Amino acid sequence: MPVYVPYMEKRVFAILICTYILSICTLNAQVLTSEDSLASGLIERHQTTVLSGYGEAKYGLDTKRQSAEARLMRVVLFVGHKFSNNISLFTELELENALVAGANNDEGGGKGLGGISMEQAFLKFNFNPSLYLVAGLFIPRIGFLNENHLPTTFNGVDRPYLEQQIIPSVWREVGVGLYGQVRDVPGLNYSLALTNGLNSGNFSSSTGIGGGKQLGQATDGINLAVSGSLLYYFHNFRIQASAYLGGSTALEKRVADSLLLDGGAFGNPVSLGEMNVSYNHGPVNIRAIATYIHVAHASEINRAFANNTAEELYGAYGEVAYDLFYRYYKGEKMLAVFGRYEWMDLSAKVPSNGIDNPANRKQYLIGGLTYKPVRGVAVKADYVRRITGEFNPALIVTPFPQRVPYFKDNGFVNVGVAYNF
């Protein structure tokens, strides 16, 4: 005799089963926001529009210069829409530094420090439960923080310095990306993306390739980039390796020719490789990452733009965190004490027409606390000690006393708040 199950109980049971299957497929990946629910397919109705977002603010004190900053670092609003079970839209609009103002705007004080940009704007096409494609402005899977950059998910008031200065932070470009899972190897995921490349005219000695991000803006030239990753979840480990190869001549051919630059799709190529691993078990979280960048034709780029581009950059960091509240709250509340050591060299190899800057050889020692009273809210405090080489006087353009003093050994005290929903 068949057993009668009420309609509502059927729906609840089906949702529980789907949630369980998704949790197995993602191997304990957290659903932190409405955006994550949409990405994971947990939005129930046929057509649903969801709102989500995040933001962070900080107060920082420079102990040597005796100066401070207080600023709203960013506010991001996510709007997504599920057109069908197979097609969804993801958009993120970001406001940085609180205010966008022109030089003649009295309210802005003439600083014009703010900025508004699209952080993401792409369509997602689900082919099956283990394969999907994205198209539009999206963030390829490179490093820890590009895809997962919510301010409540990392320790420290600021994002790790390596993932700002070596790997560009929140590196989004226009293109298409394919993401999938290897069915025969549980926990193994892959991605492959084709996007536009970089703009080497905006590279620099102090910021590496980060200034060359094109961020979905209208550009000249035909430069392209390919990137790919392997991501493996194994027990309490998350292991990832990714690679990037892209052109950096964002100029139409006649202009590139006049500067003696290769204007092809992969002209003046930039290659990047990185590997990261994290371990999370109970109150303990450990993570480490190492990355290397090679700019093949740095000499030609320097000749054309005089921006002192380095040929090689590399760095690494390791972090250990312990949740003092885990025994009592099992992650619902958290008070994590953490320490992180970062090392990088933005001028590891300089071409013959470049100028070496020992100040680009940096070490960071960071220690602090992260308190989460509820999921989605974090209060942070840390101390950062930065140690570098001497700044090369040949690169000093503005003489004393207008030049901001540079300290090889400096300390910074930071406090901040962050949220996501």
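Where does Leu260 lie? I started my notebook with that one, and Leu260 turned up in the loop between α4 (253-258) and β10 (270-281). Helices (H or I, at least four residues) and strands (E, at least two) are DSSP runs here, numbered from the N terminus.

A note to myself on the source: this is a predicted model, where local features need pLDDT of at least 70 and side-chain atom pairs count only at pLDDT 80 or more, while totals for chains, interfaces and linings use all residues. Residues are numbered from 1 along each chain as its sequence is written, and side-chain values use heavy atoms, with hydrogens and water left out.

**Entry 1: positive phi**

I looked at the backbone of Leu260 and found phi near 60°, a positive value in a residue other than glycine. Is Leu260 buried or exposed? Leu260 is exposed, because its relative accessible area is 60% (buried means under 20%, exposed over 50%, partly exposed in between, with a 1.4 Å probe and protein chains only).

Next I turned to Val170, in the loop between α3 (162-165) and β6 (173-181). Val170 is not a glycine either, yet its phi is positive, at about 45°. Its relative accessible area is 3%, so I logged Val170 as buried.

**Entry 2: β8 and its partners**

I then followed β8 (224-234). β7 and β8 run antiparallel, joined by 9 bridges; strands pair if DSSP finds at least two bridges between them.

On to β9 (residues 237-246), which pairs with β8 in the antiparallel sense over 10 bridges. There, Ala225 stands opposite Gly246. The β8 and β9 hairpin has 2 residues between the strands, and in it His235 takes a positive phi near 55°.

Which residues make up the covered face of β8? I listed Ala225, Ser227, Ser229, Leu231 and Tyr233. The uncovered face has Leu224, Val226, Gly228, Leu230, Tyr232 and Phe234.

**Entry 3: Asn223**

My last stop was Asn223, in the loop between β7 (188-196) and β8. Asn223 counts as buried because its relative accessibility is 4%. What does Asn223 touch, leaving out residues up to four places away in sequence? I found contacts (heavy atoms within 4.5 Å) with residues including Asn196, Gln214, Ser248, Thr249 and Gly264.

Gly247 is also among the residues that Asn223 touches.
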